[in-house]
Amino acid sequence: YKVYVKENSTIILYVEGISFPKPAFYVYLYNPEKELKVGSSKWDYSHTIVYTIDLTGYWYIHIQVYENYGFYNLTITEKGS
């Protein structure tokens, strides 16, 4: 996924498995230069990542399913500038 975010905003990513069995996954956030900025430290069925954006542009979200296959919801919230 990619999302346009302005510098000094805070982005909140919430991802939750919704099918049965729930998929377990990792979540990663990359900046516009495609450098990894933050990621989940372990696989799980839900993740929340909060990050203050330091570069305006398109940021990339990678969700890597680790265990089981199924559906998940991704909610993206931007706060600030």
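Me: Is lysine 34 buried or exposed?
Reply: Lysine 34 is exposed, with a relative accessible area of 57%. Here buried means under 20% relative accessible area, exposed means over 50%, and partly exposed is in between (1.4 Å probe, protein chains only).

Me: Okay, and where does lysine 34 lie?
Reply: Lysine 34 lies in the loop between β3 and β4. Strands are DSSP runs (E, at least two residues), numbered from the N terminus. Lysine 34 also has a positive phi of about 65°, although it is not a glycine.

Me: Wait, what kind of model is this?
Reply: It is a predicted model, where local features need pLDDT of at least 70, side-chain atom pairs count only at pLDDT 80 or more, and totals for chains, interfaces and linings use all residues. Residues are numbered from 1 along each chain as its sequence is written, and side-chain values use heavy atoms, with hydrogens and water left out.

Me: New topic: what is the strand order in the open sheet?
Reply: The order is β1-β6-β3-β4, four strands with antiparallel pairing. Two strands pair if DSSP finds at least two bridges between them.

Me: And which are the edge strands?
Reply: β1 (2-5) and β4 (36-39), since each pairs on one side only.

Me: How many bridges join β3 to β4?
Reply: Three bridges join them, and tyrosine 28 stands opposite glycine 39 in β4.

Me: Last one: which residues does the cis peptide bond join?
Reply: Phenylalanine 20 and proline 21, with omega about -5°. Proline 21 is in the loop between β2 (10-17) and β3.
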